[in-house]
Amino acid sequence: MSLLQRNGAGGNGAGGPGAERAVGERGTGATAAGVPNPELAERAKRRRFTSDYKLAVLGEADGLMGPGEVGALLRREGLYSSHLSKWRRQRDEGALGALSRPRGRKPAHPLEAENANLRQRLEHTEAELEKARRVIEVQGNVSALLGQLVEPRGAKPENSTAR
């Protein structure tokens, strides 16, 4: 029985008896016509191990004393001896505790996010204000033009013969 099955932990990415094939691994069987399937399913994904899983494997490996017991553990879990040596080094340096932290950038300070939001709203509001000013200017120009068209230019008296 796997260490994960005994401890109830989830997903170490290792393959044991009855495990599914890795993504991208070639099919073992032949097609109905007896011709091997040469296509790959997808690109293989890198296995990721949680710090809890690493510590559990190290704890079990450190408790094994008999010849071949560590090798049996590694085969059962689908690991390499280099995993153990690397994880021991990380444990001794205190890096396994740091592995539980999420990767990537630290989230921005809440005030910085609020400032960015307020700046964006200010820019949007100023753009709307400029658009409103242009509309008012156009309306004033249209009003002035209509006023010039409506008022009579050089009105002629009825009895006048001048053209």
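Predicted model: local features only at pLDDT ≥ 70, side-chain atom pairs only at ≥ 80, totals over all residues.
Figure 1. The buried residues of H2 are Ser51, Tyr53, Lys54, Val57, Leu58, Glu60 and Ala61. In general, an α-helix has 3.6 residues a turn, so residues three or four places apart point the same way.

**Figure 2. Packing of helix H2 against helix H3.** The axes of H2 (residues 51-63) and H3 (residues 69-77) come within 10 Å and cross at roughly 150°. Because angles over 145 degrees count as roughly antiparallel, H2 is described as roughly antiparallel to H3. Helix H2 contributes Tyr53, Val57, Glu60 and Ala61 to the contact, while H3 contributes Val70, Leu73, Arg76 and Glu77. By class, the residues of this contact comprise 5 nonpolar, no polar and 3 charged. Tyr53, Val57, Glu60 and Ala61 are also among the buried residues of H2.

**Figure 3. The aromatic cluster of Phe49, Tyr53 and Trp87.** The structure contains 3 aromatic pairs. In one of them, the ring centres of phenylalanine 49 and tyrosine 53 lie 5.7 Å apart with the planes at 15°, so this pair is stacked. Phenylalanine 49 and tyrosine 53 are both buried.

**Figure 4. The edge-to-face pair of tyrosine 53 and tryptophan 87.** The two rings are 6.3 Å apart centre to centre, with 80° between their planes. The pair links distant parts of the chain, since tyrosine 53 belongs to helix H2 and tryptophan 87 to helix H4 (residues 81-93), 34 residues apart. Tyrosine 53 and tryptophan 87 are both buried.

Conventions:
Residues numbered from 1 in each chain as written. Heavy atoms only, no water. Axes fitted to C-alpha atoms, helices over the stretch in contact; angles between N-to-C directions. Helix = DSSP H or I, 4+ residues; strand = E, 2+ residues; numbered from the N terminus. Parallel < 35°, antiparallel > 145°, perpendicular 65-115°, else oblique. Contact = heavy atoms within 4.5 Å. Nonpolar A, V, L, I, M, F, W, Y, C, P; charged D, E, K, R; others polar. Buried < 20%, exposed > 50% of the residue type's maximum accessible area, 1.4 Å probe, protein only. Phe/Tyr/Trp six-rings, centres within 6.5 Å; stacked < 30°, edge-to-face > 60°.
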